[in-house]
Amino acid sequence: MSSEFTVSVATNPDTAGIRAEPSADPARFAGDALVLFLSPGGVARGGVAELDRATGGLLGRLAEAGELTGKRYESVPVLAPPGLACRQLLVVGIGPADEVDAGLLYRAAALAARQLSGRPRGLVGFLAEGCWTNDQLEQAVAGAAVGMVGQDLYRAEKKQHPFAGTVWLEAAVEVVARGAVIADGVNLARRLVNLPPDDLYPETFAEEAATVASRVGLEIEIWDQSRLERERCRALLAVARGSSRAPRLVLLHYRGPRAAAAAAGSRPDLALVGKGVTFDSGGLSLKPSDGMLAMKCDMSGAAAALGAIATIAALKLPVHVVAAVGLVENMNGAAAYKLGDVVTARSGTTIEIHNTDAEGRVVLADVLDVVADLQPRRIVDAATLTGACMVALGRDIAGVFTNDQTCCDAVAAAAEAVGERVWQFPMDRDFDEQIESPVADIKNVGDGRLGGAITAAKLLERFVRGIPWTHVDIAGPAFADKPRPWIAGGGTGSMVRPFVELARRTEPAKD
């Protein structure tokens, strides 16, 4: 008997119509399109073999003719396939079966959804393979839901059209539900990054966070200008001075089922911190126009933290997580902070400003100090922090930096599990010398451009008070300057899925 399940915890209308039909017959699926995934030589196996029989051997003949190879990300439509009730079959290659992992399936499903969403469609089916693990299926579901959503928020004529309904055939109901929730978090982060800076600025980001908190049951504190002044967040405030938009700091708490009974002052198991520069002109160290155009994305770390904690709450994971984001615009108004200024961070550390475009680390100095007051067992931050990281790793890999190898290994393992790439940088003590200042405790850049991603991380390290901490520089992967086969250009939702996976793997404290 077939069963259906509509995801009740979805927070995004784009994913509200996703459901599972564990016992459905794929040959009788009467939708606009049916997606199946193929490995080389895989026509004789699993669900593909079922559909090959139903079509009278059509798929086998296409494979023999070289039309279906199963190579990674090959996409072949078969219109009006005989013997099937669907209007179109879309065969997506996933490469050798023994090399298939969750990240590959996320991208393959996203590619299929992106291709099909080029015009309005009603019901679209995806055929899950029985050999996939639950984690792999979960990421495939998430990928499909992300792939059908574009960045054309303000276009009268949309380039992508979310499906009216999505059905995962031969898939477990609860796994599909979790995948849809994960996609919600990714799409939330993407939408925030894609909003123009005149619509998304510190105050409106905080309002978005409040709306999300109310929807998924998070505790929220929003610190306005006066609260930030009372809390002595003078580093964050210094960066904000050049803008007419007042800054904000947002704190979100999630206490899972096993952590809900804990006292309000209990230590979080995990703290997620995000850089939220909603627009970065560079300040008085003004960026050139080409370098400024995409700087609405400089709040991608904050978007990742918000998207992740919202997803963690929707999944009801049994941990205590806090998320903190510092929200500012970095502009060059009359009151803008200046080169040579010395600002005193909340911790009391003094920072000499050598470059106003190295502002993210100055903002995070105060946010990390606020989080350190809560004494979390582990801190992980995400920030579009340095161009130097992109020079080293390109656009697809995030850099990771740490004061605790166990913490870093956990972040890297979580990222690998969901298919996001990270690479660890050294944090030798020699780099500490490069941020020493002759007039203050530290300066906000190192000695020249060399090792810039590391010296930026070294500044952040000064504010975590020895708590196990990992910094993720997402300057490259957070924003796609052009479309990829599996995602539209713009915000990518980088680090939402790794943060969720990290929380899932975190053992809740027993105290």
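Student: In what order do the eight strands of the open sheet run?
Tutor: This is a predicted model, in which local features need pLDDT of at least 70, side-chain atom pairs count only at pLDDT 80 or more, and totals for chains, interfaces and linings use all residues. Residues are numbered from 1 along each chain as its sequence is written, and side-chain values use heavy atoms, with hydrogens and water left out. Strands (E, at least two residues) and helices (H or I, at least four) are DSSP runs numbered from the N terminus, and two strands pair if DSSP finds at least two bridges between them. With mixed pairing, the order is E7-E8-E10-E9-E13-E17-E14-E15.

Student: Which strands are the edge strands?
Tutor: An edge strand here pairs on one side only. That holds for strand E7 (219-223) and strand E15 (421-424).

Student: In which sense do E9 and E10 pair, and over how many bridges?
Tutor: Strand E9 covers residues 270-280 and strand E10 covers residues 320-330, with Gly 274 opposite Val 325 in E10. Their pairing is parallel, over 10 bridges.

Student: How are H6 and H10 oriented to each other?
Tutor: Axes are lines fitted to C-alpha atoms, for helices over the stretch in contact, and angles run from 0 to 180 degrees between N-to-C directions. The axes of H6 and helix H10 (residues 300-315) come within 9 Å and cross at roughly 10°. Because angles under 35 degrees count as roughly parallel, over 145 as roughly antiparallel, 65 to 115 as roughly perpendicular and the rest as oblique, H6 is to H10 roughly parallel.
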